[in-house]
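Keep the viewer open and follow along.

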Amino acid sequence: MDKLEARIRNHDREIEKMCNHHFQGFVDSITELLKVRGEAQKLKVQVTETNQKLQNDGKQLLDAMDELRQCRLQQRNIATTIDKLTHCLPVLEMYSRLQEQMRAKRYYPALCTLEQLEQTCLPKAGQYRFCSIMADNIPRLRTHIRDVSMSDLKDFLESIRKHSDKIGETAMKQAQVQRSLDNALTHQQRAGSGRRSRKEAGQGTELDGQGGSPLSEQDSGILDVEDEEEEDDEVPGAHDLVDFSPVYRCLHIYTVLGARDTFENYYRKQRRKQARLVLQPHSNMHETLEGYSRYFNQIVGFFVVEDHVLHTTQGLVNRAYVEELWELALSKTIAALRTHSSYCTDPDLILDLKNLTVLFTDTLQGYGFPVNQLFDMLLEMRDQYGEMLLKKWNQSFRQILDQDNYSPIPVATEEEHKRIAGHFPFNDPEWEKMPFPKKLPFSEFVPKFYSQLKEFIYACLKYSEDLHLSSTEIDDMIRKSTNLLLTRTLSNCLQYAIKKKNVGLAEDARHAAEEEIYTNLNQKIDQFLQLADYDWMAPQGGGQASDYLSDLIAFLCSTFAVFTHLPGKVAQTACMSACKHLSTSLLQLLLEADVRQVSMGALQQFNVDVKECERFARAGPVPGFQGDTLLLAFIDLRQLLDLFTQWDWSTYLADYGRPTSKYLRVNPHTALALLEKISQAMKDTSRKNNMFAQFRKNERDKQKLIDTVVKQLRNLISSHQS
């Protein structure tokens, strides 16, 4: 403790020393501190005053800064709002446009707007309530557009069903106008010099294509024809009668909706149903031409519409679909025409139906549809038309015969003669020399029959017009119909007149009529024989009879078929006379001086024709002949041909003159003349084939044989002459 106290005292002394050492400095520091306090007080006052001044001066700045901060905040909000409105306004504008399009029933543009709204605008607009409402409304709008477009399509289908006959009538009128223009142009070309360059002809064709119903391969047909230069009375096009925009609009809408196949199937199904309705004819269609006209107009209108849709849409209907419908229509139409035309008994109506059918076929052919079957059907109707004409002319002939007095026509003056000659070309030099008054050698029915015959030919010719037949086919048709008129109708009418009790013909008149029958029949045979055109140097014969002979046999068969009502003697005599005349004429044809050479092939063909004549005789065209009596008319020809075809000269020369000779009817002069022609033909043939030694030797041997037979025939002739 003592040490501690000593230690403490020691430290106290050191502290005291230190304090004494620093006391003055401390006092100085206190003094300075007191001075600083005064200065600090002054500084505080100055700082306070300065701060007050600064606060007063910075208040306006703070207010401006606060205003600036608020402006910056508003500017940022405005920029954000503008950005959002930039995305929302197109949505609202597009939706407004959509509503306007819906109200205006512009559904396809509305559907495109809807598609753009859904795909582009709404995703950019953001998640707003009105966007959600619009998005939820889009499916309903699509459904509404689809339903409305389908309703428009149904209205369209109903419209074309109602207007198809009018469309068809329009198309057929234009086809008729085009055909008239073509006929007029053809007439002008024939009336002119008849010379046109190919360039001019090509230009004429182009002009023709602009004037009427164009081909469907070039454009959509009648529905697109627009000619600003046509007059006010131009025929309206089908597009003037039917608005096709609904089908295009509906097609586009269903395409956008991804349901094009559904639309195509529906459209084709409905059109097939309409086609079946159009192709169903009315039960009384055959009664008037208007019934056929309405039927044709509906069919044409249907296919004009389909052709237009085919060429103005891409795939709604295709060529295969249209061709399928046309095949159906073709079969139905032909069947309907065959059925209903069979009920008709008026040839004038049949002729009008034919002309209407031709216009129908020309119209559809202009749109590229094949119509050959319709022309074939018209050719079938030609026979029906011919039968109706025969019935009509049968009544006319009988009426003329009933009104005739069967007395020669008196002619008092030259004027009367000219008047009658204008109706009937009668030329008789002996009668012309007789003085007036005089009588014609026939009654009134002859010139009347002649006039009726001309009218009949004209009626037949009218049916052949516009059937695209050659002049040969037309001539054959008229010739066939006229032959039937003469051989059947006129013959029956004459028989009817002869058998009437109040009509009596003197016996010398009956004989004259019979002789006239024989003479005219032989003259007709001569006309057929003039058509014979044998190749007398033919290497071999054909297997069939010549065409001219087949026609002649057919004529004789039809002629003798109407002779059954004549007295048996007249019919038999006429038949035998015709066969004898035919046999004699054929032999003369073979022995004509102009025919200097006859080959064995030509002789074989001639033999085939004679066999055809024998077949005709054997068939008994006229009843009453016993056995093969009619064949005797051809016995001379048969024995002559057998002699040459069998080359049986030894038998002929050995049995000549005997009653039992196989070739009793062969005259040696005839045999010699024919043999010389055959010999000359063989010599010419041998010269042409002289390059073959073997053939030349065979020909020489045969020629030697012929020369031997010629000498024997000449000796035979000279011995009998002496």
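Start with the pairing of α9 and α10, where Pro347, Asp348, Ile350, Leu351, Leu353, Lys354, Thr357, Val358, Phe360, Thr361 and Asp362 of α9 touch Leu374, Phe375, Met377, Leu378, Met381, Gln384, Tyr385, Met388, Leu389 and Lys392 of α10. Sorted by class, the residues in this α9 and α10 contact come out as 14 nonpolar, 3 polar and 4 charged. Bear in mind that this is a predicted model.

**The chain overall**

- The chain holds 22 helices and 2 strands.
- It runs to 722 residues, and 37% of them count as buried.
- Take the contacts between residues at least 6 apart in sequence: 78% of those join residues at least 24 apart.

**α9 against α10**

- Helix α9 covers residues 347-366, and its axis comes within 9 Å of the α10 axis, crossing at roughly 165°.
- That angle is over 145 degrees, so α9 is roughly antiparallel to α10.
- The crossing of α9 past α10 is left-handed.

**α10 against α13**

- Helix α10 (residues 372-403) also pairs with helix α13 (residues 445-464): their axes come within 11 Å and cross at roughly 165°.
- α10 and α13 are therefore roughly antiparallel as well.
- Which hand does the crossing of α10 past α13 have? It's right-handed.
- On the α10 side, the contact uses Leu378, Met381, Arg382, Tyr385, Leu389, Leu390, Trp393, Ser396, Phe397, Ile400 and Leu401.
- On the α13 side, you'll find Phe445, Lys448, Phe449, Gln452, Leu453, Glu455, Phe456, Ala459, Cys460 and Tyr463.
- By class, the α10 and α13 contact splits into 16 nonpolar, 2 polar and 3 charged residues.
- Leu378, Met381, Tyr385 and Leu389 of α10 turn up in the contact with α9 and in the one with α13.

**α6 against α7**

- Helix α6 (residues 260-278) and helix α7 (residues 289-312) have axes that come within 10 Å and cross at roughly 160°.
- α6 and α7 are therefore roughly antiparallel.
- α6 goes past α7 in a left-handed crossing.
- From α6, Tyr267, Arg271, Gln274, Ala275 and Val278 take part, and they meet Tyr295, Gln298, Ile299, Phe302, Val305, Glu306 and Val309 of α7.
- That contact of α6 with α7 has 8 nonpolar, 2 polar and 2 charged residues.

- Arg271 sits in helix α6.
- Is Arg271 buried or exposed? Its relative accessible area is 2%, and buried means under 20%, so Arg271 is buried.
- Leaving out residues up to four places away in sequence, Arg271 touches Leu157, Ile160, Phe302, Val305, Glu306 and Tyr321.
- Among these partners, Phe302, Val305 and Glu306 belong to the α7 side of the helix pair.

**Phe644, another one to click on**

- Phe644 is in helix α19, which spans residues 635-646.
- With a relative accessible area of 1%, Phe644 is buried.
- Neighbours within four places in sequence aside, Phe644 is in contact with Met600, Leu603, Trp649, Ala671, Leu674, Leu675 and Ile678.
- Phe644 and Gln604 are 40 residues apart along the chain, and their C-alpha atoms are separated by 9.6 Å.

Terms used
Residues numbered from 1 in each chain as written. Predicted model: local features only at pLDDT ≥ 70, side-chain atom pairs only at ≥ 80, totals over all residues. Heavy atoms only, no water. Axes fitted to C-alpha atoms, helices over the stretch in contact; angles between N-to-C directions. Helix = DSSP H or I, 4+ residues; strand = E, 2+ residues; numbered from the N terminus. Parallel < 35°, antiparallel > 145°, perpendicular 65-115°, else oblique. Left-handed = near helix turned anticlockwise from the far one by under 90°. Contact = heavy atoms within 4.5 Å. Nonpolar A, V, L, I, M, F, W, Y, C, P; charged D, E, K, R; others polar. Buried < 20%, exposed > 50% of the residue type's maximum accessible area, 1.4 Å probe, protein only.
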